[in-house]
Amino acid sequence: MAISSLPCIQPIIYLGKPDGPTCHTGSETCYFTSIGDLFKEQEVEETNLALTTLYSLEATISKREFELAGKHGKRSWTKRLLLDENLLSSKIREEADELCRTLEEKEDSSCTASEMADVIYHAMVLLRHKDVKIENVLEVLGEDSLNRV
C-alpha cells in the first residue's frame, strides 16, 4: 500500500492544565517561561536591588555610628555628619538644590542620578541620626502611594 493511499491521520493535541506543580522547581513546568513571568521577574529583581542597596547603606551608616560610640575605626564623612546636625542639615539642603538644578538646567540623566544618590545618602544619615529605619519610610510611602500618584 502506498503512503498516498493511507487515510489522513490527524494528530490529537490535548492541552491540559495540571492541578498543581509538575516540575521539581514548584512551577507548572520547567520547559518554558511565559513572557509575563519574565517581566514580573525583572520587576522583582529591580525592587530587590533597590531594597538591598538601601538596607546595605543603612547598615553601613549604623556601623559608622557604632564606631563613634566605641571611639574606634577611621575617620569618615558619615561620622562627621552624625556628630554635627548643622552640617548634616546644610548638606541635605545643598544636595536637594543640586538635584533640582539638574532639572532646571536640563542636565543629563547621569547627573540627575548622581545628585539623587547624594540626596538619598545624606537623608539616610539623617534617618540614622533620628533613629528612623528605612523600612518605616517605605511603609509610609506604600500607604501614601495612592494619594501621591
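The model is predicted, and the mean pLDDT of the chain is 80, with 64% of its residues at 70 or more. The chain has 5 helices and 0 strands. Of its 149 residues, 17% are buried.

**Confidence**

- Helix α3, residues 85-104, has the highest confidence, with a mean of 97.
- Helix α1, residues 35-70, has the lowest, with a mean of 77.
- Where pLDDT is low, the predicted coordinates should not be read in detail.

**Overall layout**

- Read from the N terminus, the order of elements is α-α-α-α-α.
- Helix α2 covers residues 77-83, helix α4 covers 109-129, and helix α5 covers 134-148.

**The nonpolar core**

- The largest nonpolar core has 11 residues: Leu54, Ile61, Leu81, Leu82, Leu87, Leu88, Tyr121, Met124, Val125, Leu127 and Ile134.
- Helices α1, α2, α3 and α4 each give at least two residues to this core.
- Helix α4 gives the largest share, 4 residues.
- In soluble globular proteins, nonpolar side chains tend to be buried together.
- Ile61 is one of the core residues. Leaving aside residues up to four places away in sequence, Ile61 touches Thr78, Leu82, Tyr121, Met124, Val125 and Arg128.
- Among these neighbours of Ile61, Leu82, Tyr121, Met124 and Val125 are also listed in the core.

**Two residues of helix α2**

- Lys79 lies in helix α2. Lys79 has a relative accessible area of 7%, so it counts as buried, the cut-off being under 20%.
- The side chain of Lys79 makes a polar contact of 3.0 Å with the side chain of Glu67.
- With residues up to four places away in sequence left out, Lys79 touches Arg64, Glu67, Leu68, His72, Gly73 and Lys74.
- Trp77 also lies in helix α2. Trp77 counts as partly exposed because its relative accessibility is 33%, which falls between the cut-offs of 20% and 50%.
- Residues touched by Trp77, not counting those up to four places away in sequence, are Leu87, Lys91, Tyr121 and His122.
- The side chains of Trp77 and His122 are joined by a polar contact of 3.3 Å.
- Trp77 and Arg64 are 13 residues apart in sequence, and their C-alpha atoms are 9.5 Å apart in space.

**Two loop residues with positive phi**

- Most residues other than glycine have a negative phi.
- Lys106 is not a glycine, yet it has a positive phi of about 55°. Lys106 sits in the loop between α3 and α4.
- Lys106 has a relative accessible area of 71%, so it is classed as exposed, the cut-off being over 50%.
- Asp131, another residue other than glycine, has a positive phi near 60°. Asp131 is placed in the loop between α4 and α5.
- Asp131 is also exposed, because its relative accessibility of 55% is over the 50% cut-off.

**Cysteines**

- The structure has 0 disulfides.
- Cys100 is partly exposed, with a relative accessibility of 41%.
- Cys111 is partly exposed as well, with a relative accessible area of 31%.

Terms used:
Residues are numbered from 1 along each chain as its sequence is written. Side-chain values use heavy atoms; hydrogens and water are left out. pLDDT is the predictor's confidence in each residue, from 0 to 100. Buried means under 20% relative accessible area, exposed over 50%, partly exposed in between (1.4 Å probe, protein chains only). A polar contact is a pair of N or O atoms within 3.5 Å; within protein, one must be able to donate a hydrogen and the other to accept it, and residues adjacent in sequence count only if both atoms are side-chain atoms. Contact means heavy atoms within 4.5 Å. A disulfide is a pair of cysteine sulfur atoms within 2.5 Å. A nonpolar core is a set of buried Ala, Val, Leu, Ile, Met, Phe, Trp, Tyr and Cys residues joined through side-chain atoms within 4.5 Å.
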